[in-house]
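I opened this structure to look up one of its pockets and then the chain as a whole. My entries follow.

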Amino acid sequence: MRIKAILAIIAIGVLLYPIVSPPEYKDAIIKIEEGDNLNIISRKLKKEGIIQDRIGFKIMVIALKKPTCLKYGWYRFKIYEEPEEVLKSLLKGKRLTVRVKIPEGLKINETIYAFRRYTDTDIDVVRMDSLIRDTNFIK
């Protein structure tokens, strides 16, 4: 009889755990493109689960008169992050840092294309090539 009671308690616990357990606070990575307006940005944030209320976020940004001050780039946010913190990051341009490991022995153009592939950025290949060769820039 005791075993049945213990098994019943365990079964109830297993069934109720997803309901009463706190939500997982995972990270979401989002890319804000140059030229994205507030509407597009709020849609991306909502889609990734970073904000819950798209309209409320837009109202907050407009009320603070900051819709044109949001910076583009890659960002890492917590799921269900406080909207004020999300806005603060977007205003400061507190972007995600991407580490790139370039294998030794690559030629300059191979290095540039590897960097472009690993970071998913729109690098001006000609400009980067000239900067790599510029000894004043390297100093």
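**Second largest pocket**

I looked up which elements line the second largest pocket: strand E2 (73–78) and helix H4 (83–92) each give at least two residues to the lining. Helices (H or I, at least four residues) and strands (E, at least two) are DSSP runs, numbered from the N terminus. The model is predicted: local features need pLDDT of at least 70, side-chain atom pairs count only at pLDDT 80 or more, and totals for chains, interfaces and linings use all residues. Residues are numbered from 1 along each chain as its sequence is written, and side-chain values use heavy atoms, with hydrogens and water left out.

I noted that H4 provides the largest share of this lining, 4 residues. A pocket here is an open set of points on a 1 Å grid over the protein atoms alone, where a 1.4 Å probe fits, with protein on both sides within 12 Å along at least five of seven lines; lining residues have an atom within 4 Å of a point.

I read the volume next: the second largest pocket holds about 190 Å³ of space. Of its 11 lining residues, Arg-76, Glu-81, Glu-85, Ser-89 and Lys-94 are the closest to the centre. By type, I found 7 charged, 3 nonpolar and 1 polar residues in the lining.

**Whole chain**

I then looked up the protein chain, which has 7 helices and 2 strands. Along the sequence I read the pattern α-β-α-α-β-α-α-α-α.

Of the 139 residues in the chain, 22% are buried (under 20% relative accessible area, 1.4 Å probe, protein chains only).

Notes:
Points joined across faces, edges and corners; volume = space filled by probe spheres on them. Nonpolar A, V, L, I, M, F, W, Y, C, P; charged D, E, K, R; others polar. Buried < 20%, exposed > 50% of the residue type's maximum accessible area, 1.4 Å probe, protein only.
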